[in-house]
Amino acid sequence: MFASGGYDMHKILMTMRSSSPFLLAALALTSSGLPAVAGLAIDGTQLPYLAQFDPADRPPPLSASGGGARFSPPERNAPESAAGGATRNSCVSMSPLVPKDANGSYYGLTASGRPELYLYALRASGTRAEQATLFIYEYTEGGPSFEPAYEKAFDLPEATRSIVRVSIDEATEFELDPDSQYEWYIEIECEPGSADPTTLAFTYGWIERTSDDPVGLGTIGTNEAAAAYGDAGIWFEYLGNLVAAGPENWDYILSGFSDAIGDSVDLSGAQVVPSEDNSNVQIVEPVAAPSADDRATIAP
C-alpha cells in the first residue's frame with residue numbers, strides 16, 4: 001500500500017506526533033511554509049480558535065416546520081494534548097469539513113460506529129498523487145496508539161476542486177467504541193516512491209462516538225434530522241443529513257468553511273455535482289466571474 005520509504009516515514013511522523021504535536025507542526029512549517037500548530041501561546045496562555053464552521057449570516061437550510069438546521073458545538077473537546085492541522089503541499093491540500101473545538105483541534109461527535117468523513121480537496125494540475133490513506137488510532141492515556149486500529153486507501157479525484165467522502169467499510173469488523181476517543185489521520189504521497197518527508201501532505205483530527213444518541217435517526221437525508229443532530233451537537237450526522245437532503249445544501253456548508261478552506265476562488269454559490277467516476281466524490285464548480293463582454297451586456 002505504501003511506496004518505498006512511505007511506511008517508514010509514516011512511522012516517524014506518528015512517533016513524533018504521539019510524543020509532541022508541536023514537533024510535527026514544526027515539520028509542517030518547514031515543509032509547507034504554513035504553520036499547522038492548533039493554537040497560539042502568549043505568556044504561557046493558550047488562545048483558542050473559534051469554531052471553524054461559521055456560515056456567518058447565511059440562513060441555514062429549513063426543515064418542514066420552518067426551523068433552521070443550525071449546528072450547536074458540544075461542550076466536549078479532543079484531549080487537551082491534541083492538535084489538529086494539515087500541511088499544504090504543492091500537489092494537493094485537503095481541508096476537513098469538521099469544526100474545530102475550543103483547543104483548535106478538528107473534532108466532532110458521531111452517533112455511528114462507522115461515520116463518514118468529508119474533505120474539501122484542492123488539487124494542483126499535473127500532480128502524481130493519485131491515492132490517499134486514512135488511518136484511525138485509538139487514544140489512550142499515553143496518547144494515540146502507535147499501530148492504527150483501521151486503515152483504508154482511497155483514490156483522489158483528478159478534478160481541481162472536489163469533495164471526497166471516506167468512511168469505515170461496512171464489511172470490516174472495526175467500529176468506533178463509545179468508551180474511546182480516536183484520532184484520524186490522512187496521508188497523501190505527492191511524489192510516490194520518494195522518501196523525502198517534505199513531499200507528504202497530511203491532515204488529522206479527532207472523533208468520538210457518543211454513547212447517548214438523543215435523536216436516534218442516523219442519516220435519513222432530511223433537514224429535520226440535520227436540525228435535530230445540530231441541536232444535539234453531533235456533527236457527523238448533522239453534516240451527513242445536510243448532504244443527503246439535497247445538493248442545494250452545499251452552498252450553506254461550503255460557506256461555513258470558507259475561511260478554513262482558504263481557496264482563492266469564491267465558493268459561495270458554487271455548483272456541486274456528483275462525479276461520474278466515483279460515488280464518493282462531488283465535483284465543485286465555482287461560479288465563474290462574468291467576462292468583460294458579459295459585464296458590458298448587463299451594464300445599465
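The following legends describe close-up views of a predicted model of one protein chain.

**Figure 1. Overview of the predicted chain.** The protein chain contains 7 helices and 13 strands. Of its 300 residues, 47% count as buried. Among contacts in the chain with a separation of 6 or more, 67% are made by residues 24 or more positions apart.

**Figure 2. An open sheet of 5 strands.** The strands are arranged in the order β3-β5-β9-β13-β12, and their pairing is antiparallel. At the edges stand β3 (residues 92-96) and β12, each of which pairs on one side only. On average, neighbouring strands of this sheet are turned by 30° against each other, direction ignored. In general, strands of a sheet pair through backbone hydrogen bonds, in either a parallel or an antiparallel manner.

**Figure 3. The pairing of β9 with β13.** These two strands pair in the antiparallel sense over 3 bridges. In this view S162 may be located opposite I283, a residue of β13.

**Figure 4. Helix α3 and its buried residues.** Helix α3 comprises residues 223-232, and its buried residues are N223, A225, A226, A227, Y229 and G230. The cover over these buried residues includes α4. Just after α3, G233 adopts a positive phi of about 75°. As a general point, an α-helix has 3.6 residues a turn, so residues three or four places apart point the same way.

Figure 5. A226 counts as buried because its relative accessibility is 0%, the cut-off being under 20%. Leaving aside neighbours within four places in sequence, A226 is in contact with A69, Y238, N241 and L242. The C-alpha atoms of A226 and L239 are separated by 6.9 Å, the two residues being 13 residues apart along the chain.

**Figure 6. The second largest pocket.** About 210 Å³ of space lies in this pocket. Its lining consists of 18 residues, of which Y118, R165, V243, W250 and Q282 are the closest to the centre. By class, the lining of the second largest pocket has 10 nonpolar, 6 polar and 2 charged residues.

**Figure 7. The largest cavity.** The model holds 3 cavities of 30 Å³ or more, and the largest cavity has a volume of about 110 Å³. Its lining is made up of P115, E116, L117, L134, I136, V166, S167, I168, L176, W184, I207 and F236. At least two residues of this lining are supplied by each of β5, β6 (131-140) and β9. The lining of the largest cavity divides into 10 nonpolar residues, 1 polar and 1 charged. In general, rolling a probe the size of a water molecule over the atoms shows where empty space is left.

Conventions
Residues are numbered from 1 along each chain as its sequence is written. This is a predicted model: local features need pLDDT of at least 70, side-chain atom pairs count only at pLDDT 80 or more; totals for chains, interfaces and linings use all residues. Side-chain values use heavy atoms; hydrogens and water are left out. On a 1 Å grid over the protein atoms alone, a cavity is a set of points where a 1.4 Å probe fits but cannot get out, and a pocket is an open set with protein on both sides within 12 Å along at least five of seven lines; lining residues have an atom within 4 Å of a point. Grid points are joined across faces, edges and corners, and a volume is the space filled by probe spheres set on the points. Ala, Val, Leu, Ile, Met, Phe, Trp, Tyr, Cys and Pro count as nonpolar, Asp, Glu, Lys and Arg as charged, and the others, Gly among them, as polar. Two strands pair if DSSP finds at least two bridges between them. Helices (H or I, at least four residues) and strands (E, at least two) are DSSP runs, numbered from the N terminus. Axes are lines fitted to C-alpha atoms, for helices over the stretch in contact, and angles run from 0 to 180 degrees between N-to-C directions. Buried means under 20% relative accessible area, exposed over 50%, partly exposed in between (1.4 Å probe, protein chains only). Contact means heavy atoms within 4.5 Å.
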